[in-house]
Amino acid sequence: MSTVATTDPVLTPAQSTPISLRGRLQDALPKIVLAPSFVITLVFVYGFIVWTAYLSFTNSKTFPSYALTGARAYQRLWRWTFESDPPSSWYTSITNMAIFGFLYVGICLALGLFLAILLDQKIRGEGILRPIFLYPMALSFIVTGVAWKWFLDPGLGLEQTLHHFGWTSFHFDWIKNKDFVIYTVVIAGVWQASGFVMAMFLAGLRGIDGEIMKAAQIDGASAFQLYRRIVIPLLRPIFLSAFIVLAHMAIKSYDLVVALTSGGPGGSAWLPSNFMYEYTFKRNEMAVGSASAIIMLMTISAIIVPYLYSELKEKAR
Amino acid sequence: MNRFLTTTAMIALALAGAHVSARAADVKEVQMLHWWTSGGEAAALNVLKQDLSKEGFAWKDVPVAGGGGDAAMTALKAMVAAGTYPTASQMLGYTVLDYAQAGVMGDLTETAKKEGWDKSVPAALQKFSVYDGKWVAAPVNVHSVNWLWINKAVMDKIGGTQPKSFDELIALLDKAKAAGVIPLALGGQNWQEATMFDSIVLSTGGPEFYKKAFNDLDEESLKSDTMKKSFDNLATIIKYVDPNFSGRDWNLATAMVIKGDALVQVMGDWAKGEFVAAKKKPDTDFLCYRFPGTEGSVVYNSDMFGMFNVPDDRKAAQVALATATLSKSFQSAFNVVKGSVPARTDVPDTDFDACGKKGIADLKAANEGGTLFGSLAQGYGAPPAIANAYKDVVSKFVHGQIKTSDEAVKQLVQAIDDAR
């Protein structure tokens, strides 16, 4: 350290050295602290994205191979998307993603907002109700999946119980039905996340200036108008945060599908993440798995980037 | 100076990373990656642990979070990619060859010569344990897949006898249905459905056809009318499954037979381990028959201990493990518990029960008669990509995504072609 200080031409008076050194250290400290995490992110997120993209153009099977062999993996996915009849696993995965993503995000937002508005009516026992709704979020997807698997299983759960109580005509076998199994994933997912969305909205509602509400009430706005015209538009930033959190949870909900349905009858509950894992690690077709991962990334970017851009641009204006 | 500090931090980070991967392994220790955790399996492995500790080698399980073969294989892949090889790993079929091709497997040829493995291990197994003339894996057992497991009490109640043909099997299932018992216990997971289909194809097309279609992947056979007939037979037999079968684990399906809720399960002989664990005796509590029409042939899979290319100082432990694994005493003790039969044909069958004795005799006959075939559903007929494509098609057929046998055959040819 001392050699560095003495050779530095700017430092002339001896007594100023400690102050200057400390000043420089203070300047540098944030960078030093950030450097490892920056490097780690750079390598382990962006580096591996590039690596995955590269692998998708090779003929990698069990282990990565580095000789480029063209876009064969993409050609296969393309064929599986548009020409396969009956539907391929890939086609099933992406249609399931559309169904699940749309319903999961939509219902969570709607239900979360609805619960938040109800809880915001200054009711008694809010302190108890709030954690009750929020608690499912503390469970992992695996626990949620297994619990709902038992609950929805016609031989063990709801159906069996109601039959015991005498309602023998009751029939609910979605979890064993190839056409409906994806909706059971929506049910379990919504159950887990809507309480969390509620908490976000509740925080947003509490942050709204009471004066605006009072003014609107004096102007004669009904409760419905109040929420529709004033409160919900003011909650827009919360919508953005909730949407981003939910969207990424929808995309990564691999474990929920596995725990709840083990892939569903004939693989009918697969999401693209299941497809990616299955092909990369179980079927030893790393190139196809990588290609599917890249397609997922591009699809997400195509949705999230314009949305973020429009939201953030509006804020800057 | 900023740059100086940043560089230092990065070098320190890199050094820390390098240090972790350079952790030395204990030379008197057998590091073993496996997914045998159920009671019987763990008890069976204890025999091996004791054999090794007598020779002074400690046993260390390589922990795999999540359990199950898939998680273990992913963990193994990561270890191999990082260059920290375990001494050995439980592996199946084509996986061994994959790793051997990647050049990470050790060479046990010397030990094999000394112990005479070439003569005692069936040639069909050597296809997977010998690569390029070198022994790279030690087979632990032979499971066969074409079995029927029947609850004897239910069989007596409905007055059934051993079915000799596919039609007789269907007649038997009809009897069970009429008596109000679930005729066929099946778990609707793709590997279980495909395992049953293995037997159906062998029964429908005969040994020659099975080999050509499911081991040689001959396109003409895959497209043939016999294959269509096999799918039709699958459609017939699926009608005898209870509506709640989808996603059920295989051992729960076995439990249905053990408890007498169901008459029969078509499953590999690991199902016998469940019967034995439930204190049931062959011929008094349960019956084991070959799938009708497959007598004389054996569709097999085998658990192998793949041996990795460990440094010389760890080699002694590996040789000890391999020798102990293929010793007659271990082969007998382990397989009595596991339900399978020994991987060498010269192990006496004295300790085995009736089903085990039959299994050993069948294996010997099939080995000599050339009717020992790798199970496609279990990863011994073709590499994983193709085996999984096959399981997909069978499962989609069972669950109704593929509706006719014509379509199924078309899909099967296409899927296998894609995966090649």
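The dialogue below goes through some features of a predicted model.

Colleague: What should I know before reading any value?

Modeller: This is a predicted model, so local features need pLDDT of at least 70 and side-chain atom pairs count only at pLDDT 80 or more, while totals for chains, interfaces and linings use all residues. Residues are numbered from 1 along each chain as its sequence is written, chains are lettered from A and ligands numbered from 1 in the order in which they are written, and side-chain values use heavy atoms, with hydrogens and water left out.

Colleague: Which strands make up the open sheet of chain B, and in what order?

Modeller: First the terms. Strands (E, at least two residues) and helices (H or I, at least four) are DSSP runs, numbered from the N terminus. Two strands pair if DSSP finds at least two bridges between them. Here the open sheet has 4 strands in the order β9-β10-β8-β11 of chain B, and the pairing is mixed. Its edge strands are β9 (182-184) and β11 (286-290) of chain B, each pairing on one side only. On average, neighbouring strands are turned by 20° against each other, direction ignored.

Colleague: In which sense do β8 and β11 of chain B pair?

Modeller: Strand β8 (residues 147-151) of chain B pairs with β11(B) in the antiparallel sense, over 5 bridges. B:Trp147 stands opposite B:Arg290 in β11(B), and B:Ile150 has B:Leu287 as its bridge partner in that strand.

Colleague: Which helices lie on these strands?

Modeller: Angles run from 0 to 180 degrees between N-to-C directions, and axes are lines fitted to C-alpha atoms, for helices over the stretch in contact. Contact means heavy atoms within 4.5 Å. Helix α17 (residues 354-369) of chain B packs on the sheet and touches β8 and β11 of chain B. The direction of α17 makes about 10° with that of β11(B). Helix α13 (residues 250-259) of chain B lies across β8, β9 and β10 (262-266) of chain B, and runs at about 140° to β10(B).

Colleague: Are the residues of β11(B) buried or exposed?

Modeller: Buried means under 20% relative accessible area, exposed over 50%, and partly exposed in between (1.4 Å probe, protein chains only). In β11(B), 5 of the 5 residues are buried, so the strand is largely enclosed by the rest of the structure. In a regular strand the side chains alternate between the two faces of the sheet. In this case B:Phe286, B:Cys288 and B:Arg290 point one way from β11(B), and B:Leu287 and B:Tyr289 point the other way.

Colleague: How many disulfides does the structure hold?

Modeller: A disulfide is a covalent bond between the sulfur atoms of two cysteines. The criterion used is a pair of cysteine sulfur atoms within 2.5 Å. The structure holds 1 disulfide over all chains. B:Cys288 and B:Cys355 form it, with their sulfur atoms 2.0 Å apart. The torsion about their S-S bond is about -105°, so the disulfide is left-handed. The pair links distant parts of the chain, 67 residues apart: B:Cys288 is in strand β11 of chain B and B:Cys355 in helix α17 of chain B. B:Cys288 is buried at 9% relative accessible area, and B:Cys355 is buried at 2%.

Colleague: What does strand β12 of chain B pair with?

Modeller: Strand β7 (residues 141-144) of chain B runs antiparallel to β12(B), and 2 bridges join them. B:His143 has B:Asn301 as its bridge partner there. Strand β15 (residues 372-374) of chain B pairs with β12(B) in the parallel sense over 3 bridges, and B:Tyr300 has B:Gly374 as its partner. Both faces of β12 (residues 298-301) are covered: B:Val298 and B:Tyr300 on one side, B:Val299 and B:Asn301 on the other, are all buried.

Colleague: At what angle do α10 and α11 of chain A pack?

Modeller: Angles under 35 degrees count as roughly parallel, over 145 as roughly antiparallel, 65 to 115 as roughly perpendicular and the rest as oblique. Helix α10 (residues 223-234) and helix α11 (residues 236-251) of chain A pack at about 55°, with axes 5 Å apart. That angle makes α10(A) oblique to α11(A). A:Ile232, A:Pro233 and A:Leu234 in α10(A) meet A:Arg236, A:Pro237 and A:Phe239 in α11(A).
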